[in-house]
Each structure stands twice: as structure tokens, then as C-alpha cells.
Amino acid sequence: MATGMYLEMSFMKYLMAVGLAISLIGCRDRRMIQPTLALPGPGTPVPVFSLATHDGGQLSSAELTGRPTVLFLWSTHCPTSRSALAAYREIQRVYSARGARVVMLSDDESDAELALLPKVLRDSSIVGELALARGKLGTIFDRSASAPERDTARVEFVLPAYLVIDRDGKVAGRSWGPDALRVRATLDSLLALRAAAEPAM
């Protein structure tokens, strides 16, 4: 019986060793993902784009000057994007009242996604500027092809993401995911600078 237990334990150790070896081989190319590295970096001009808005108009990157702007890159097909709606709604409520422009760029493309979009936004009490990228967000904003890899960072373009644009049309900050704390800090700074630059009435 002792021999059987010994063989069983030896076999288990063998399986564990094989599993560890496989996982190490498999992990060789698994590097930490830093999704914001794929976005245009601070100090660079906002990428050129012209997109149709949900109300039949047009939104151009050339219009994003004169005041701080938040671009919220989003889509209905991403579960993380759904969870980010609450943070986006709060940013829209607080910072629109303080003079910032808040714009959602939806990457939805298929008829089913576009049909779902109004319901998702209505159920989330989201109103405001909405432009339809129709699957082009990666083409417009993904800079991973030219961005350098640093240490173990793999550059990827993922949604949802935020870009904060300053009054000169340059990227002032970027963030990813449902957490918008970095976005709020950047906006607070830009709005404070704007208020300081405006002449007192």
C-alpha cells in the first residue's frame, strides 16, 4: 500500500512539473498589457477624424479646440464599456456644467449594435454628444504600430478609453477602463488653468 501511495505521489509530482513547464513555455510571450500606451500620448495633436453624429450632423477633430474636451471611446459589444457608463455619466454631468465638452465616440458598426445603442444609452440616462465611428476607432486612435515596447509592456488598443483634449486640440491625458479618476484629475487641472487665464469680469 505504501508503494502505491508513493507511486501515486510521484505521478502527481510529475504531472505538476509537466504542467509548470507547459505554463512557463506558454507564458513566455504573455506580457503585461498597458492599453493606454496604444492611445495618442500627451502633447500630441488629437488624431484627424470626421464622424457622423447620431442626430445627422458631423463631428470633426478640427472642432475640438477652445475648451477642454473629453472623448469617450466606447461600444455596446464590450462588457467593460457597459460598466463604464456610470463613470461617463458622472463626468458628463459634472464637467459639462463647468464648461468642458464631453463627447462619446461609439465604435458600434452592425445593424444589431446600432439598434441597441439608443436603448443602452436611454436606460443609462446618457444624453449629450454622440458620434458613430462604425468600427473605425482603432484605425483613428490606435498608435500601437508605432509605439515602442518597453520592458514587458505589450501595446494594445482596448475599449472603453478616455482621451482628454486641451483647448489647443492636443492630448492632455488618457485613461482606460471604468475608472475615470485620472480623467477627472486632468480635467480639474485644465479647467483651473482656463479659469485662471480668463479675464475677471
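Predicted model: local features only at pLDDT ≥ 70, side-chain atom pairs only at ≥ 80, totals over all residues.
1. Confidence. The chain has a mean pLDDT of 75, with 69% of its residues at 70 or more. Among the elements, strand 2 has the highest mean pLDDT (93), whereas helix 1 (residues 2-26) has the lowest (46). Over residues 11-30 pLDDT stays under 50, and for this stretch the model has two contacts beyond four places in sequence.

2. Seven strands form an open sheet with mixed pairing, in the order 2-1-5-4-3-6-7. Strand 2 (58-60) and strand 7 (171-176) are at the edges; each has a single partner strand, so one side of each is left without a neighbour in the sheet. From one strand to the next, the twist averages 30°.

3. A parallel pair. Strands of a sheet pair through backbone hydrogen bonds, in either a parallel or an antiparallel sense. Here strand 3 (residues 69-74) and strand 4 (residues 101-106) pair in the parallel sense, over six bridges. L73 has L105 in strand 4 as its bridge partner.

4. Helix over the sheet. Helix 3 (residues 85-97) lies across strand 3, strand 4, strand 5 (129-132) and strand 6 (161-165). Its direction is at about 150° to that of strand 4.

5. L114. Which helix holds L114? The residue is in helix 4 (residues 111-123). Setting aside neighbours within four places in sequence, L114 is in contact with D108, E109, L132 and R134. L114 and T76 are 38 residues apart in sequence, and their C-alpha atoms are 8.5 Å apart in space.

Conventions. Residues numbered from 1 in each chain as written. Heavy atoms only, no water. Pairing = 2+ DSSP bridges. Helix = DSSP H or I, 4+ residues; strand = E, 2+ residues; numbered from the N terminus. Axes fitted to C-alpha atoms, helices over the stretch in contact; angles between N-to-C directions. Contact = heavy atoms within 4.5 Å. pLDDT = per-residue confidence, 0-100.
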